[in-house]
Amino acid sequence: MRKYLFILLLPVMFLATSQRAEAQYNNAIGLRLGPSWGITFKHKMSDAAGLEFLLNSHGGGYQVTVMYEHHIPVITDGMNFYIGGGGHIGYYDGNSKNNGWDTNDEGVFIGADGILGLEYTFSEVPINLSLDWKPSFNLVGNRHFWYDGGALSVRYAF
């Protein structure tokens with residue numbers, strides 16, 4: 001896993017250190033690619049604060065997540081470390097072989113999410129890339145801790 005993470009981060013780190021970018025965005029929309037794949041939308045409220053909205057697959061069902069994120073510039077303009085949290089609501093099919101739970105429960109679940117990541121916005125093209133880890137815990141429904149929420153997101157920035 002570390003080898004793949006390093007391979008994914010290497011191009012971003014090379015670009016970040018090889019040029020000085022003045023890249024910022026107000027909104028970005030794209031795909032979140034990971035165990036829970038889906039659509040991601042980020043809205044920057046300021047240079048240091050933003051909201052992220054996710055619509056993604058989850059445990060044989062789907063969920064909507066909203067998170068507040070605090071952004072901290074690192075290495076170069078256009079690159080940010082971010083940390084934050086929020087909540088999710090969703091539905092899962094307990095009969096799905098992909099749900100990862102030991103029960104046949106199905107229904108609505110509500111929970112809390114955290115997020116920790118690194119993003120880079122290119123100055124030459126309107127592309128924003130991020131790599132993050134998003135653990136979550138269901139508080140209502142099937143109580144379950146999801147530790148495998150890591151993903152690579154590719155977004156169009158505008």
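How many aromatic pairs does a search of the whole structure find? The search finds four of them, where rings of Phe, Tyr and Trp (its six-membered ring) pair if their centres lie within 6.5 Å, and planes under 30 degrees apart count as stacked, over 60 as edge-to-face and the rest as tilted. This is a predicted model, in which local features need pLDDT of at least 70 and side-chain atom pairs count only at pLDDT 80 or more, while totals for chains, interfaces and linings use all residues. Residues are numbered from 1 along each chain as its sequence is written, and side-chain values use heavy atoms, with hydrogens and water left out.

**Overall architecture**

- The chain has one helix and ten strands, these being DSSP runs (helices H or I of at least four residues, strands E of at least two) numbered from the N terminus.
- Read from the N terminus on, the elements follow the order α-β-β-β-β-β-β-β-β-β-β.
- Of the 158 residues in the chain, 42% are buried, where buried means under 20% relative accessible area, exposed over 50% and partly exposed in between (1.4 Å probe, protein chains only).
- Among contacts between residues at least 6 apart in sequence, 53% join residues at least 24 apart, a contact being heavy atoms within 4.5 Å.

**Aromatic pairs**

- One of the pairs found in the search is that of Phe 41 and Phe 53, whose ring centres are 6.2 Å apart and whose planes stand at 35°, so the pair is tilted.
- This pair links distant parts of the chain, with Phe 41 in strand E2 and Phe 53 in strand E3 (residues 49-58), twelve residues apart.
- Phe 41 is partly exposed because its relative accessible area is 26%, and Phe 53 likewise counts as partly exposed at 32%.
- Tyr 92 and Phe 109 form a tilted aromatic pair, with 5.4 Å from centre to centre and 40° between the planes.
- Because Tyr 92 lies in strand E5 (residues 79-92) and Phe 109 in strand E6 (residues 107-121), this pair ties together parts that are 17 residues apart in sequence.
- Tyr 92 is buried, with a relative accessible area of 2%, and Phe 109 is buried at 0%.

- Lys 42 belongs to strand E2 (residues 38-44), and its relative accessible area of 2% is why it counts as buried.
- The side chains of Lys 42 and Glu 119 are joined by a polar contact of 3.0 Å, meaning a pair of N or O atoms within 3.5 Å; within protein, one must be able to donate a hydrogen and the other to accept it, and residues adjacent in sequence count only if both atoms are side-chain atoms.
- Lys 42 also lies over the face of Tyr 82, at 4.0 Å from the ring centre, a charge being over a ring if NZ of Lys or CZ of Arg is within 6 Å of the ring centre and within 35 degrees of the ring normal.
- Leaving aside neighbours within four places in sequence, the contacts of Lys 42 include Tyr 25, Leu 51, Glu 69, His 71 and Arg 155.
- Lys 44 lies over the face of Tyr 25, at 4.9 Å from the ring centre.

**Asn 27**

- Asn 27 lies in strand E1 (residues 27-33) and is buried at a relative accessible area of 17%.
- Its side chain makes a polar contact of 2.7 Å with the side chain of His 43.
- Beyond its neighbours within four places in sequence, Asn 27 is in contact with residues including Phe 41, Lys 42, Tyr 156 and Phe 158.

**Loop residues**

- Pro 135 sits in the loop between strand E7 (127-133) and strand E8 (136-140), and it counts as buried because its relative accessibility is 15%.
- The C-alpha atoms of Pro 135 and Asp 113 are separated by 5.9 Å, although the two residues are 22 apart along the chain.
- With neighbours within four places in sequence left aside, Pro 135 is in contact with Ala 112, Asp 113, Gly 114, Phe 145 and Trp 146.
- Ile 75, in the loop between strand E4 (61-73) and E5, has a positive phi of about 60° although it is not a glycine.
- Most residues other than glycine have a negative phi.
- Ile 75 counts as exposed, with a relative accessibility of 53%.
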